Amino acid sequence: MIKVKKALLLAVIAVSLAGCSFLSGIVNMTKCEYSYQSISNVKVGGIDFSNISAMSLVQNMSTITKLLQGDFKDLPLEMTVNLNVKNPNESKAAIGGMIYTMNIDGLAVAEGNLQKSFSVEGGKTATLPLVVRTNLGNILDKQNRETVVGIVKNFTGISGNKSKIQMKLSPTITGRNNEQRKLMTVPVSFEYGGKKK
C-alpha cells in the first residue's frame, strides 16, 4: 500500500511539474522576438519561380504573358515564409499553433492557421516556416488590377521593384473543444521581389 501511495505521489508531482513547464513555455513564447528571414518555394500560377530557368520561361511564356496582362480569373500564389523566432528567456518557449494574415502592397491576400506545435530552446533562435497559399484571382477586380499585376511582376522577378509585405502573427494555444486561442498579435514587415541577381 505504501508503494502505491508513493507511486501516486510521484505521478502527481510529475504532472504538476509538466503543467508548470507547459505554462512557462507559453509565457516565454509571448516574450519571443519575430523577424523575417526569407521566402522560399515561390509558385505563381503553378510555376515555380524560386528555381526557374530560361528554358522554363520559354515553355511557360503563354501563361506568363497572361499573368502580366492581368488576364486571369484563377491565380494560385504559394510560398514558404521563413521567420526567425528568438527566445530571450532561459527556458524553452512553446506554442500549439499560429494564426496569421498577410497583406501585400496594401491588399489583404491571405490568412491561415498553422495547427502544429512549435518550440524554441532558451537563448536560441529557431526558424518557423509558414506555408502561405492564396489565390490572387479571388481579389482581382478593376480597381486593383494594376496592384495585383505589380505583385505578380515583383514576385516573379520580372520587375525591378519589391513588394511590401505586412504579416500579423498570432501564436496560439489549444483550448477546450480543440479551439485555438490567440496569445497576442505580432506585426512583421518586410519586402520581397525584384530582379534576381
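Colleague: Is Asn41 buried, partly exposed or exposed?

Modeller: This is a predicted model, in which local features need pLDDT of at least 70, side-chain atom pairs count only at pLDDT 80 or more, and totals for chains, interfaces and linings use all residues. Residues are numbered from 1 along each chain as its sequence is written, and side-chain values use heavy atoms, with hydrogens and water left out. Buried means under 20% relative accessible area, exposed over 50%, and partly exposed in between, with a 1.4 Å probe and protein chains only. Asn41 has a relative accessible area of 43%, so this residue is partly exposed.

Colleague: In which element does Asn41 lie, and what is its phi?

Modeller: Strands (E, at least two residues) and helices (H or I, at least four) are DSSP runs, numbered from the N terminus. Asn41 belongs to strand β1, residues 33-44. Most residues other than glycine have a negative phi. Asn41 has a positive value instead, near 55 degrees.

Colleague: Where is Asp105 placed, and what is its phi?

Modeller: Asp105 sits in the loop between β5 (97-104) and β6 (107-114). Its relative accessibility is 29%, and Asp105 therefore counts as partly exposed. For this residue, which is not glycine, phi is positive, near 50 degrees.

Colleague: How many helices and strands are there in the protein chain, and what percentage of its residues is buried?

Modeller: The protein chain has four helices and eleven strands. Among its contacts with a separation of 6 or more, residues 24 or more positions apart account for 75%; contact means heavy atoms within 4.5 Å. Of the 197 residues in the chain, the buried ones make up 38%.

Colleague: How many aromatic pairs are there, and how are the rings of Tyr36 and Phe190 arranged?

Modeller: Rings of Phe, Tyr and Trp (its six-membered ring) pair if their centres lie within 6.5 Å; planes under 30 degrees apart count as stacked, over 60 as edge-to-face and the rest as tilted. The count comes to two aromatic pairs. Tyr36 and Phe190 form a pair with 4.0 Å centre to centre and 5 degrees between the planes, and the arrangement is stacked.

Colleague: Which strands does this pair link?

Modeller: Phe190 is buried because its relative accessibility is 8%, whereas Tyr36, at 26%, counts as partly exposed. The two residues are 154 residues apart, and the pair links distant parts of the chain: strand β1 for Tyr36 and strand β11 (residues 186-193) for Phe190.

Colleague: Which residues touch the most other members of the largest nonpolar core, and which strand gives this core its largest share?

Modeller: A nonpolar core is a set of buried Ala, Val, Leu, Ile, Met, Phe, Trp, Tyr and Cys residues joined through side-chain atoms within 4.5 Å. In the largest one, of 45 residues, Tyr34, Met79, Met102 and Phe155 touch the most other members. The largest share, five residues, comes from strand β3 (residues 76-86).

Colleague: Is Asn87 buried or exposed, and which side chain makes a polar contact with its side chain?

Modeller: Asn87 is placed in the loop between β3 and β4 (93-95). Its relative accessible area is 1%, so Asn87 is buried. A polar contact is a pair of N or O atoms within 3.5 Å; within protein, one must be able to donate a hydrogen and the other to accept it, and residues adjacent in sequence count only if both atoms are side-chain atoms. A polar atom of the Asn87 side chain lies 3.0 Å from the backbone oxygen of Val120, and the side-chain partner, at 2.7 Å, is Asn89.

Colleague: Which backbone oxygen lies 2.3 Å from a polar atom of the side chain of Thr134?

Modeller: Thr134 is found in strand β8, residues 125-135, and is buried because its relative accessible area is 16%. Leaving out residues up to four places away in sequence, Thr134 touches Leu75, Pro76, Leu77, Val109 and Ala110. The backbone oxygen in question belongs to Val109.

Colleague: How far apart are the end C-alpha atoms of helix α4?

Modeller: The expected span of a helix is 1.5 Å times one less than its number of residues. The twelve residues of α4 (residues 145-156) should therefore span 16 Å, which agrees with the end C-alpha distance of 17 Å.
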